[in-house]
Amino acid sequence: MLKLCLAVLLLCVPAVASAQMGIPILNAVQEAEGATEYSVTLQLLALMTVLTLLPSLLLMMTSFTRIIIVLSLLRQALGTAQTPPNQVLLGIALFLTIFVMTPVFSEVYEDALKPYSEEQLQFEEAVAVGQLPIKRFMLRQTRQEDLQTFVALAESAEINAPIDTPLSVLVPAFITSELKSAFIIGFMLYIPFIIIDMVVASVLMSMGMMMLSPMIISLPFKLLLFVMVDGWTLLMTSLTKSFI
């Protein structure tokens, strides 16, 4: 992430300097070979546009979706209402996402952002190269049937290999697979806590305490079980390994 921030700063500084010199905001020069070279100020405009899409990119193209859904389902399974609060869950999901996506971000920086900042790659080439690590990550987490479904819906005849799948097709397939994976993990988390609820409810019914809510009695036992098995460490480790 530090490398990405440095790359953003490298792109922003010359753009601001050029803007102060009066260069038009939109300037594209057609070269003799047919390639198009964009002015630095246009690159700044494109960068600002991408920054506005960062929340959507974080949700749709990284591990964030699976992690936050699993954490939310765990909170519901424990029956702790708003504990941990939403801010804590979002913080945990964000930093776990950074941990999982660091190799991908580093590859994007080394293959695309760094050569582009050193003027070794054109803007279009840097975008094309930078997509490859993200596509490979998404393809590893996408189920084949989900990918085939959206490829068939797109009716694109230009896809010869999975890596050639455009992001407009790959992102919906990736999100569908992530939702499936998150709910499967959430189902497995629910099972031990449901068993505790059923046992407590049966005991209370047998004792004639029908007016006493089973949730009040089962919550301490569920918390005790989760702490005794070192649940947070197991959950974080399992979530991280699920992306390998």
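Helices here are DSSP runs of H or I with at least four residues, strands are runs of E with at least two, and both are numbered from the N terminus. By that count the protein has 10 helices and 2 strands. Colour by secondary structure and follow the chain from the N terminus: the elements run α-β-β-α-α-α-α-α-α-α-α-α.

Some ground rules before you click around. The model is predicted, so to speak for itself: local features need pLDDT of at least 70 and side-chain atom pairs count only at pLDDT 80 or more, while totals for chains, interfaces and linings use all residues. Residues are numbered from 1 along each chain as its sequence is written, and side-chain values use heavy atoms, with hydrogens and water left out.

**Stop 1: the whole chain**

Show everything. Of the 244 residues, 31% are buried (under 20% relative accessible area; exposed is over 50%, partly exposed in between; 1.4 Å probe, protein chains only). Take contacts (heavy atoms within 4.5 Å) with a separation of 6 or more: 68% of them join residues 24 or more positions apart.

**Stop 2: helices 5 and 6**

Select residues 86–117 (helix 5) and 123–141 (helix 6); their axes come within 9 Å and cross at roughly 165°. Axes are lines fitted to C-alpha atoms, for helices over the stretch in contact, with angles from 0 to 180 degrees between N-to-C directions. That crossing makes helix 5 roughly antiparallel to helix 6 (over 145 degrees; under 35 is roughly parallel, 65 to 115 roughly perpendicular, the rest oblique).

**Stop 3**

Rings of Phe, Tyr and Trp (its six-membered ring) pair if their centres lie within 6.5 Å; planes under 30 degrees apart are stacked, over 60 edge-to-face, the rest tilted. The structure holds 4 aromatic pairs.

Phe137 and Phe174 form a tilted one, 6.2 Å centre to centre with 55° between the planes. Phe137 lies in helix 6 and Phe174 in helix 8 (residues 167–206), so the pair ties together parts 37 residues apart in sequence. Both are buried.

Phe137 and Phe243 are stacked, at 6.2 Å and 20°. Phe243 sits in the segment after helix 10 (231–241), 106 residues from Phe137. Relative accessibility is 2% for Phe137 and 4% for Phe243.
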